[in-house]
Protein chains: 2
Amino acid sequence: MQSQRKALLLSSSNCHGYSLLEFAKEEICKFLGSNDVKELIFVPYAQNDFDGYTKKISDVINPWGFPVRGLHTFSNPIDAINSAKAIFIGGGNTFLLLSRLYEKKLVELIKDRVTSGNLLYIGSSAGTNVATKSIHTTNDMPIIYPPSFDAIAIVPFNINPHYIDYVENSTHKGETRDQRLAEYMEMAHANQVLGLREGSILHVNGNSLILKGIAGAVVFKRNKDKTEYKVGADVSFLLEGN
Amino acid sequence: MQSQRKALLLSSSNCHGYSLLEFAKEEICKFLGSNDVKELIFVPYAQNDFDGYTKKISDVINPWGFPVRGLHTFSNPIDAINSAKAIFIGGGNTFLLLSRLYEKKLVELIKDRVTSGNLLYIGSSAGTNVATKSIHTTNDMPIIYPPSFDAIAIVPFNINPHYIDYVENSTHKGETRDQRLAEYMEMAHANQVLGLREGSILHVNGNSLILKGIAGAVVFKRNKDKTEYKVGADVSFLLEGN
């Protein structure tokens, strides 16, 4: 059965030269508006100040015509997801976020509701990482041990958010992002990786994947050079596997 | 019983302005020489090219008077560790390294041999991360899921190798190192963190911890500002717990 998934996967909420989420305003409004969303459930689990984080996001999105409510304010998050039309999972720490999603038994539930077309998914940074097959390509520090690196798997590949190229002239000897991703691509279990530059958005609509936003992306495949894609590019081929 | 541990924990093998391991030559030679080491066993598990990686390290350390042999060239790594006097665990990917150490049942064995004073330990980068209580503060990408984040625990705190301060003027919106470490310090299970700048070495001798090398380090404790320590500083207080 074809997946009915509808998702907007943002590289980040912040983008140089823009206020919070401003670069994504048009896409978010179109995405929620065209699907007649009355309330957006915000998932603040990637950070620790649930109220403060929800307020920050609500202060931006509420004025766009979409009331925001934190998932943590519902007595039962499973019931809340079951009756929600749209969720937004925000950034922070990917390991913390995934651990909490497992703890609250939301991973499979969100996957089922999104793939059956009953739940719209917006993710940013860590919220984008957990929407993919696994969190193997997060940039975050492993501050907590989750029960698995497998994630919601709305898409069957990996995403590296905040993707950035090698910094010329740096005297720092830590690995570059491309070196880190190359290490991953050497693993037998590695999936393809979409590196979303800051300002980039992946628009998922069933089997159509289109790059939106104000910056492009890069695709890493096993034993191949990385390939650049510009805003507007169709990257649906990522659904075909390695 | 007091631990008899003897270890040199390097932030990295490479340091700006120096050839491979050159900045650490004096400390490594003193450490191995004063303990009458005839052969150094190199553990290349953090990378995939075991022969190539071992050769690279051997080409540097052999001329210093210490023949190097890769752990992967022994038919039984457990027997090899049991009869070794000194090991050097090199850098690469911390998750890959720890997964392989667990797979080969070396985590507890190395811990026992080091704490009883029968095995000298040199670690660099990922090899330093796995020498600590857990790998929660590695900078590496989680390219493989290890059976635990708990590590060899030669020391009861965490180390962040390649420690670097916030880069002013950066337009990139990914978290800074200090933000990442602050996220960790918010966890209930967080240990103290020693941030080793590139060029920094922690010399562990029983209950004495001294900073060596050519760069200092930073200590993060819960609810406290970070504190800078210079080369030569005694940081044995890190053994006292949070």
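A: Buried area here is the accessible area, taken with a 1.4 Å probe, that two parts lose on being put together, summed over both. Keep in mind that this is a predicted model.

With that in hand, let's start at the interface. Chain B and chain A bury about 3,400 Å² between them, and carbon and sulfur atoms give 60% of that area. Three residues stand out on the chain B side: Met141(B), Ile143(B) and Tyr145(B) supply 21% of the area that chain B buries against chain A, more than any other three residues. In terms of contacts, 40 residues of chain B touch 40 residues of chain A.

What about the polar side of things? There are two salt bridges between chain B and chain A. One of them joins Arg180(A) to Asp140(B), with the closest N and O atoms 3.6 Å apart.

Now for where the touching residues sit. Helix H4 (94-103), strand E6 (158-163) and helix H7 (177-185) of chain B are the elements that give two or more residues to the side facing chain A. H7(B) provides the largest share, with five residues. Sorted by type, that side of chain B has 16 nonpolar, 16 polar and eight charged residues.

E6(B) belongs to an open sheet of four strands, running E6-E7-E10-E11 in chain B with mixed pairing. E6(B) and strand E11 (227-229) of chain B are at the edges with a single partner strand each, so one side of each has no neighbour in the sheet. On average, neighbouring strands here are turned by 25° against each other, direction ignored. Inside the sheet, strand E7 (residues 193-197) and strand E10 (residues 217-220) of chain B pair antiparallel over four bridges, and Gly195(B) stands opposite Val218(B) in E10(B). H7(B) packs on this sheet, where it touches E6, E7 and E10 of chain B, and its direction makes about 170° with that of E6(B).

Chain B also has an open sheet of seven strands, in the order E3-E2-E4-E5-E1-E8-E9, again with mixed pairing. Its edge strands are strand E3 (68-70) and strand E9 (208-213) of chain B, each pairing on one side only. The twist from one strand to the next averages 20°. At the E9 end, strand E8 (residues 200-205) of chain B pairs with E9(B) in the antiparallel sense over six bridges. One pairing to find in the viewer is Asn205(B), whose bridge partner in E9(B) is Ser208(B).

Definitions and conventions. Residues numbered from 1 in each chain as written. Chains lettered and ligands numbered in written order. Predicted model: local features only at pLDDT ≥ 70, side-chain atom pairs only at ≥ 80, totals over all residues. Heavy atoms only, no water. Contact = heavy atoms within 4.5 Å. Salt bridge = Lys/Arg side-chain N within 4 Å of Asp/Glu carboxyl O. Nonpolar A, V, L, I, M, F, W, Y, C, P; charged D, E, K, R; others polar. Pairing = 2+ DSSP bridges. Axes fitted to C-alpha atoms, helices over the stretch in contact; angles between N-to-C directions.
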